Amino acid sequence: MATGLPKLVTPLLLAGAGVSMAMPAAQNAVLSAVSPAEIGKASGTFNMFRYLGGVFGIAILVAVFAQAGGLYSPQAFSAGFAPALGVSAALSLLAAIAGLWQPARREAVLTPVAAKP
């Protein structure tokens, strides 16, 4: 089962576009939820958890890949890659479902300023 690069271009472009749209929206949600004095702490915490999520995600996928296949032959690679991709898709789905439980965005309450006579 050989899949050439031209068949992968569209899915990879869609995945890249999705991540490119999701990350700024997530950071905007985090930074708009804190006071201006706390933006630095919120940004640092957000980035730390983003990197930790990436590290643990890669560790989980490598463990699945190594359990199901390996690098010693093309067949072994395919045998490990397919389950790792399935676990990756399942984790993405779980994250999307978890996002449904996030609190709604609060609207800013503006108070009118009295006009000076």
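Is leucine 71 buried or exposed, and what is its relative accessible area? In this predicted model, leucine 71 has a relative accessible area of 71%. Since the threshold for the exposed class is over 50%, leucine 71 is therefore classed as exposed. The residue is located in the loop that joins α2 and α3. When residues up to four places away in sequence are set aside, leucine 71 touches Phe65 and Phe77. Phe65 belongs to α2 and Phe77 to α3, and both residues take part in the contact of these two helices.

The overall organisation of the chain was examined next. The chain contains three helices and zero strands, and its elements follow the pattern α-α-α along the sequence. The helices are α1, spanning 5-31, α2, spanning 39-68, and α3, spanning 74-99. The chain comprises 117 residues, of which 7% count as buried. Among contacts between residues at least 6 apart in sequence, 22% join residues at least 24 apart.

The packing of α2 against α3 was then considered. These helices pack at an angle of about 145°, and their axes are 7 Å apart. Their crossing is right-handed. On the α2 side, the contact involves Ile60, Leu61, Val64, Phe65 and Ala68. These residues meet a set in α3 consisting of Phe77, Ala79, Gly80, Phe81, Pro83, Ala84, Val87, Ser88 and Leu91. By class, the residues of this contact comprise twelve nonpolar and two polar, with no charged residue.

The loop between α1 and α2 was also inspected, and serine 32 is found there. Serine 32 has a relative accessible area of 41%. This value falls between the limits of 20% and 50%, so serine 32 is partly exposed. Serine 32 and alanine 42 are separated by ten residues in sequence, and their C-alpha atoms lie 9.6 Å apart in space.

The largest pocket holds about 950 Å³ of space. Its lining is made up of 23 residues, and those nearest the centre of the pocket are Met23, Arg50, Gly53, Gly54 and Ala95. Each of α1, α2 and α3 supplies at least two residues of this lining. The greatest contribution comes from α2, which gives ten residues. In terms of class, the lining of the largest pocket has 15 nonpolar residues, seven polar residues and one charged residue.

Notes: Residues are numbered from 1 along each chain as its sequence is written. This is a predicted model: local features need pLDDT of at least 70, side-chain atom pairs count only at pLDDT 80 or more; totals for chains, interfaces and linings use all residues. Side-chain values use heavy atoms; hydrogens and water are left out. On a 1 Å grid over the protein atoms alone, a cavity is a set of points where a 1.4 Å probe fits but cannot get out, and a pocket is an open set with protein on both sides within 12 Å along at least five of seven lines; lining residues have an atom within 4 Å of a point. Grid points are joined across faces, edges and corners, and a volume is the space filled by probe spheres set on the points. Helices (H or I, at least four residues) and strands (E, at least two) are DSSP runs, numbered from the N terminus. Ala, Val, Leu, Ile, Met, Phe, Trp, Tyr, Cys and Pro count as nonpolar, Asp, Glu, Lys and Arg as charged, and the others, Gly among them, as polar. Axes are lines fitted to C-alpha atoms, for helices over the stretch in contact, and angles run from 0 to 180 degrees between N-to-C directions. A crossing is left-handed if the near helix is turned anticlockwise from the far one by less than a right angle, and right-handed if clockwise. Contact means heavy atoms within 4.5 Å. Buried means under 20% relative accessible area, exposed over 50%, partly exposed in between (1.4 Å probe, protein chains only).
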